[in-house]
Amino acid sequence: MKYYSSIIPIEKPIPANRQGAKRHYGVHPYFTRRPYNVVRKYILNYSRVGDRILDPFGGSGVTAIEAFLENRIGIHNDINPLANFIAKGIVNLHHGNISSYRTALGVLKEKCETPLEKLENASEHELSRWMKKLSLPQNVRLPRNSDVEYYHDLFLPKQLAALALIKESIDELEDRYARKGLLLAWSATLTKLNKTFLSSEGRLESRGGSSVFSIYRFKVAKQPVALPAWRTFYERALNILSAKEEIDGEIELKKRTVGWHGKFEIHMKDIEELADELQDRVDYIFTDPPYGGHISYLDLSVLWNAWLNVLPSHKAKEQELIVGGEMNIDETTYIRRLGLSISACAKMLKPGRWMSVVFQHWNTAYFEAILRSAAECGMELRAAISQVGDPIWSMHKKKRNESVLAGEMIITFLHTGKKQNLDSGRKMDVQKVVKKILDAENAMQIYGEDLFNRLVIEAWRTGAISSLNINRTEFTDLLRENGWTYETSNHCWVKESVSAGLPFM
Ligand SMILES: C[S@@+](CC[C@H](N)C(=O)[O-])C[C@H]1O[C@@H](n2cnc3c(N)ncnc32)[C@H](O)[C@@H]1O
C-alpha cells in the first residue's frame, strides 16, 4: 500500500509518438487512438509488475496491450464489438510463429491474386455470377445521416466481391493464429475498399481514409476510388506480420531479461455492468471516455461489425455513452452516465490505487461530472496535465484552429476513500483568473487548450465549476483582450509584443 501512496504523479506532458509502434499504427484504424508511449509511461508510473490494469472504454486496446507487454494483466473492455475484435486481434498476434503467418499469406496469394485481377476487369454479367457464388454480409440499414440507405450500397459490386473472396479464403486457412491475424488485415482492407474511402488531396490515390474517421458519418465519394484489392490487402497483411514480429520481439526481450508474465483479459460490457464483475479488483485505470456527441462509435462501426457478423444488441446501443446517434441520447443522460462511469471506476479500483482519465471538451459540465463524481467516490485529484502541442493536429484543428480544442487533459486521481463534497455554486472572475494564469507563467506563448484546462481545474478547486460557463468565442475574445494573438502556423497564442517582433516588456 505504501508503494502506491508514495508514487509521484506525472506533472509534465509527454510528447506523443503516434506512429512509433507497428502494433498500433497501421494495423487497423480506430477512432481516437491514444498514443501508446504516453499510455505506457502512465502505466509504468502508477502500477507494478503483475498488477491488474483496466481500460473500461478500451477502444482499439492500447492500454491493455501496453499493460500486457509491461508484464501486467491488461484488462480490456469496450461495448463495441469492433473495438474488441481489434484489441484481441492485436494481442493474439503473440500466438503462433511468424513462419506460419508467412506461409498462410503465401497460400492466400496463390488463391486470390489472379482471381482478384480478373475481378477488376470483369463485366457486369461476370460480376453478378461471382456474387451468386460468394457469401455476402447482411444488408443492414445504415444510420439516418448516411448518404446511402443500405450496407451493400457502401460498396462497388467489385469491392463486395473482392472482399468476400479474400474473406472466404482466409476462413479456409489451416493455422488458426495466422487465420485470425490475417482476418485483422482483411478488416483493415475493408476500411479502404468501400465508397466512403476518400483519397487525400495531392497524395497517392491509396493514401486517405474512410469518411467515418474524418467527418464521422457515411459520406459516399462522388467518384469512388477503386483501389486494387489484392495489393491493398497484401500491404495490410505485411503490416500485421511486422506487428507480430514487434510483439514477439518485446516478449522475447522480457523473457531474456526480467521474465515474462504478461496476461490479457477481455470484456464486452457497458461500464456500469463491468463494475459489478470487477469490484475491488483493479490496481490502475487508464481510460479515455467518449467526449459527448462527436463520434457515434456503434453506428459508425457497422461498416465492420456487419461483415464480421458481430452487430451490437439494441441494449448495447442504448447503453452507449454518447450524445445523439441513432438512439438520440440526450445530453442530460450523457452527463449523468459520465458521472456514473467514474463511480463505476471507483468501485473497481482497489483502495489506495490510481486512476487517469483522458478528456477534452468545451462543455465544462462534462468536466464537472467527472470531477464531482470522483470527489464523491473518494478519489482525490492529484494531477491535471494538458497533453498539447501534438505535432499531428486533427483535420478539424487545421481547418477551424482557434475554436477547436485539440490534444487533451489527463486527469489523475488517487483513490484515498476520503469522500469530498465540494461546495459549489461559487462565482469565479474568469478574466482575473485568466490574467493570473498568464502572468504567473510569464509565458510568451500558450496553447489555448492548456489555458482552458487550467481554467477548468482552477474553477474546480475553488468550488466554482458549476458557474463556469464560457464559450469558444468568449474564451478567444478574452485572450485577445489580454493582448494575445492566435498563430495559425503553430496553433498557439503568442503575446502581441512577441508576434509583432518587438522586445517583450
Ligand atoms: C474515446 S474511445 C477510446 C479509444 C481508446 N483510448 C484507444 O486508444 O483506442 C471510447 C470508447 O468507449 C466505448 N464505449 C462507449 N460507451 C460505452 C459504454 N457504455 N461502456 C463501455 N464502452 C463504451 C466506445 O465504443 C469507444 O471505443
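**Phe 68**

I was working on a predicted model throughout. Phe 68 lies in helix 3.

Next I asked which residues Phe 68 touches, not counting residues up to four places away in sequence. I found Gly 74, Val 91, Gly 262, Lys 263 and Phe 264. I then checked Gly 262 by C-alpha distance. Phe 68 and Gly 262 are 194 residues apart in sequence, yet 4.6 Å apart in space.

**Asn 71**

I moved along to Asn 71. It is in the loop between helix 3 and strand 2. I looked up its phi and noted a positive value of about 65 degrees, although Asn 71 is not a glycine. Asn 71 has 18 other C-beta atoms within 10 Å, so I wrote it down as partly exposed.

**Asp 280**

I looked up another positive phi. Asp 280 has a phi near 60 degrees, and this residue is not a glycine either. I placed Asp 280 in the loop between helix 11 (271-277) and strand 6 (282-287). Is Asp 280 buried or exposed? I found 10 C-beta neighbours inside 10 Å, so Asp 280 counts as exposed. The cut-off for exposed is 12 or fewer.

**Helix 4**

I turned to helix 4, residues 81-91. How many of its 11 residues are buried? I got 10, so I noted the helix as mostly covered. Among the buried residues are Pro 81, Leu 82, Phe 85, Ile 86 and Val 91.

I then asked what the buried residues of helix 4 pack against. My list has helix 3 (62-69), helix 8 (176-192), helix 10 (229-256) and helix 13 (302-305). It also has strand 2 (73-77) and strand 5 (263-267).

**Helix 5 and helix 8**

I looked at how helix 5 (residues 98-120) packs with helix 8. The angle is about 65 degrees, and the axes are 9 Å apart. I noted the crossing as right-handed.

Which residues meet here? From helix 5 I listed Ser 100, Tyr 101, Ala 104, Leu 105 and Leu 108. From helix 8 I listed Tyr 177, Ala 178, Arg 179, Gly 181 and Leu 182. By class, this contact has 7 nonpolar, 2 polar and 1 charged residues. An α-helix has 3.6 residues a turn, so residues three or four places apart point the same way.

**Val 433**

I found Val 433 in helix 18 (residues 430-441). It has 18 other C-beta atoms within 10 Å, so I noted Val 433 as partly exposed. Leaving aside neighbours within four places in sequence, I saw Val 433 in contact with Met 428, Leu 455 and Glu 458. I also looked up Ala 459, which is 26 residues from Val 433 along the chain. Their C-alpha atoms are separated by 9.1 Å.

**Leu 227**

I placed Leu 227 in the loop between helix 9 (211-214) and helix 10. With 19 other C-beta atoms within 10 Å, Leu 227 is partly exposed. What does Leu 227 touch, not counting residues up to four places away in sequence? I wrote down Lys 192, Leu 193, Ser 206 and Thr 232. I checked His 152 too, 75 residues from Leu 227 along the chain. Their C-alpha atoms are separated by 17 Å.

**Gln 19**

I found Gln 19 in the loop between helix 1 (2-5) and helix 2 (36-46). It has 12 C-beta neighbours inside 10 Å, so Gln 19 counts as exposed. Gln 19 and Asn 37 are 18 residues apart in sequence and 9.8 Å apart in space, C-alpha to C-alpha.

**Around the ligand**

I looked up the 21 residues around the ligand. Phe 57, Gly 59, Asn 80, Asp 288 and Tyr 297 come nearest. By class, I noted 10 nonpolar, 5 polar and 6 charged residues in this shell.

**The whole protein**

Last, I stepped back. I noted 21 helices and 12 strands. The C-alpha atoms fill a box of roughly 70 × 50 × 45 Å along the principal axes. A compact globule of 505 residues would have a radius of gyration near 23 Å, and the protein's 24 Å agrees. Buried residues make up 43% of the 505. Of the contacts with a separation of 6 or more, 75% join residues 24 or more positions apart.

Note on methods:
Residues numbered from 1 in each chain as written. Predicted model: local features only at pLDDT ≥ 70, side-chain atom pairs only at ≥ 80, totals over all residues. Helix = DSSP H or I, 4+ residues; strand = E, 2+ residues; numbered from the N terminus. Rg over C-alpha atoms; globule rule 2.2 N^0.38 Å. Buried ≥ 20, exposed ≤ 12 C-beta atoms within 10 Å, placed from the backbone. Contact = placed C-beta atoms within 7 Å. Near = placed C-beta within 6 Å. Nonpolar A, V, L, I, M, F, W, Y, C, P; charged D, E, K, R; others polar. Axes fitted to C-alpha atoms, helices over the stretch in contact; angles between N-to-C directions. Left-handed = near helix turned anticlockwise from the far one by under 90°.
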